[in-house]
Amino acid sequence: FSLWLVMTLMSERGIDLWQTASILGYCLLPMVLLAFFSVFFSGTGAIMTVLTILTVIWCTMRSSDMMVIAMDVANEKALVAYPIGLFYACFALISVF
């Protein structure tokens, strides 16, 4: 709900709650692979650190691309990506530890 509110306040025409949930949920799928790899590798090891960083970056970039298209704010991609990156970083921490 909070990311939808932030995204709605950033765009002129707003964005639907279901559209926000759909974009964030779709781009959350690589976290499933991260959780799978966390079974086999140590959460504090170098391999998991690299995998976690790459997963968060991939999820953030893809969802911010979709969110920018949905909100029609092409010049504010970094502004959109920051709260989304924090969202996915929290999920990555939950997945790894």
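Visitor: In which helix is Leu86 placed?

Guide: Helices are DSSP runs of H or I of at least four residues, strands are runs of E of at least two, and both are numbered from the N terminus. Leu86 belongs to helix H5, residues 77–96. The model is a predicted one, in which local features need pLDDT of at least 70, side-chain atom pairs count only at pLDDT 80 or more, and totals for chains, interfaces and linings use all residues. Residues are numbered from 1 along each chain as its sequence is written, and side-chain values use heavy atoms, with hydrogens and water left out.

Visitor: Is Leu86 buried, partly exposed or exposed?

Guide: Buried means under 20% relative accessible area, exposed means over 50%, and partly exposed lies in between (1.4 Å probe, protein chains only). Leu86 has a relative accessible area of 44%, and is therefore partly exposed. In space, its C-alpha lies 13 Å from that of Thr52, a residue 34 positions away in sequence.

Visitor: Which residues of H1 are buried?

Guide: An α-helix has 3.6 residues a turn, so residues three or four places apart point the same way. In helix H1, residues 2–10, the buried residues are Leu3, Met7 and Met10. They are on the same side of H1 because they cover an arc of only 60 degrees around the axis, the arc being that of the directions from the helix axis to the C-beta atoms. Ser2 and Leu9 are exposed, on the face of H1 turned away from its buried side.

Visitor: What covers the buried residues of H1?

Guide: The cover includes helix H2 (17–26), helix H4 (46–71) and H5.

Visitor: Where is Ser11 found, and what is it in contact with?

Guide: Contact means heavy atoms within 4.5 Å. Ser11 is in the loop between H1 and H2. With a relative accessible area of 8%, Ser11 is buried. Its contacts, leaving aside neighbours within four places in sequence, are with Met71 and Val73.

Visitor: How many helices and strands does the protein have?

Guide: There are five helices and zero strands, giving the pattern α-α-α-α-α along the sequence. The C-alpha trace spans about 45 × 25 × 15 Å along its principal axes. Of the 97 residues in the protein, 37% are buried. Among contacts with a separation of 6 or more, 69% come from residues 24 or more positions apart.
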